Amino acid sequence: MSAPRSRPASLPVAPRAAWEPALTHAVAEVERAEAALHLARGTEAAVVEAAADAAARAVRLAEGEIDRRPPPAPIACAAGCPHCCHAKVIVFAPEALRLAAHLRATLAPAALDALRGRVAETDARTRGTSRDDRAELRIACPLLDPSGACGAHAVRPLHCIGWTSLDVAACERSLAGGAGTPSAPVYAPQYELANAVMAGLAKACFEAGLDGAPLELVAALRIALDRPTAGERWLARLPVFSQARDAEIGARLG
Ligand code: SF4
């Protein structure tokens with residue numbers, strides 16, 4: 001693990017005028033209300049639907065913003081470009097359960113076993129690491145396939161939906177440079193809107209008495225894949241994802 005280094009004070013995002021706090025607050029509130037309706041049904045299928053609706057909302061809102069306020073440079077992200085998929089990703093429990101349900105439903109048994117092995121191996125190397133540590137370690141997300149594309153693109157986390165680079169060369173520099181190297185410029189509205197949806201989803205979980213703590217993707221996915229009853233246990237308010245809680249982000253959210 002690397003020694004802590006200072007990070008840039010803020011992300012070098014596109015002009016801040018492209019989004020407003022009042023808008024993101026309203027988005028979080030809509031997400032909270034919609035997710036609460038799903039969670040009140042108390043089934044794992046409803047939890048997965050809550051995560052799916054949240055992701056669809058984040059994509060829809062971002063597409064609307066791109067139409068209304070195009071980014072200052074073309075979005076550089078494309079299938080097979082894996083640079084940002086070496087960073088720490090934060091998810092909430094419904095997203096981890098949705099990912100696991102999708103992978104169980106779509107992968108053949110041998111492929112699912114192989115993925116579980118990759119997830120366990122990655123988790124053993126990344127558990128408890130900070131964002132700076134991950135920048136130094138450069139360990140790929142276990143969902144990244146050999147072509148460099150996301151193997152779970154259709155169900156990727158909100159955190160991943162929100163990250164859009166406007167400069168692929170800056171992504172390359174950021175990955176090569178490690179901790180302390182500035183991130184690539186992103187399309188700010190998509191980043192902020194996805195974060196607002198995440199905030200609303202987390203709030204709905206907390207208000208329902210469920211664990212809405214930020215979780216590290218690999219650790220949470222390992223739990224969701226290894227424990228077929230993880231969803232049931234989460235709905236029963238048991239601390240099934242406690243080992244995946246991300247202390248770094250949790251401390252920042254307070
Ligand atoms: S879930 Fe997909 S998009 Fe997100 S970091 Fe992993 S491979 Fe990349």
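Axes here are lines fitted to C-alpha atoms, for helices over the stretch in contact, with angles running from 0 to 180 degrees between N-to-C directions. I keep in mind that this is a predicted model.

**Entry: α2 and α8**

I started with helix α2 (residues 44–68) and helix α8 (residues 188–207). Their axes come within 9 Å and cross at roughly 155°. Angles over 145 degrees count as roughly antiparallel, so I put α2 and α8 down as roughly antiparallel to each other. For the handedness, I noted that α2 passes α8 in a right-handed crossing.

**Entry: α8 by itself**

How many of the residues of α8 are buried? I got 16 of the 20, so α8 is largely enclosed by the rest of the structure. After the helix comes Gly209, and I read its phi as positive, near 80°.

I picked out Ala204, which is found in α8. Is Ala204 buried or exposed? It has 26 other C-beta atoms within 10 Å, and 20 or more counts as buried, so Ala204 is buried. I also checked Ala204 against Ala28: the two lie 176 residues apart along the chain, and their C-alpha atoms are separated by 9.8 Å.

**Entry: α4 and α9**

Next I took helix α4 (residues 109–126) with helix α9 (residues 217–226). I have their axes coming within 9 Å and crossing at roughly 140°. That makes α4 oblique to α9. I logged the crossing of α4 and α9 as left-handed.

**Entry: α3**

At 1.5 Å a residue, its 14 residues should span 20 Å, and the end C-alpha atoms are 20 Å apart, which agrees. I listed the buried residues in α3 too: Ala93, Pro94, Glu95, Ala96, Leu97, Arg98, Leu99, Ala100 and Leu103. Glu95 and Arg98 are among them, and both count as charged.

**Entry: the ligand**

Last, I looked up what surrounds the ligand. Which residues are they? I wrote down Cys85, Val89, Cys141, Leu143, Leu144, Cys150, Ala152, Arg156, Pro157 and Cys160. By class, I have 9 nonpolar, no polar and 1 charged residues in this shell. Arg156 is in the list around the ligand, and Arg counts as charged.

Technical notes. Residues numbered from 1 in each chain as written. Predicted model: local features only at pLDDT ≥ 70, side-chain atom pairs only at ≥ 80, totals over all residues. Near = placed C-beta within 6 Å. Helix = DSSP H or I, 4+ residues; strand = E, 2+ residues; numbered from the N terminus. Expected span 1.5 Å × (residues − 1). Buried ≥ 20, exposed ≤ 12 C-beta atoms within 10 Å, placed from the backbone. Parallel < 35°, antiparallel > 145°, perpendicular 65-115°, else oblique. Left-handed = near helix turned anticlockwise from the far one by under 90°.
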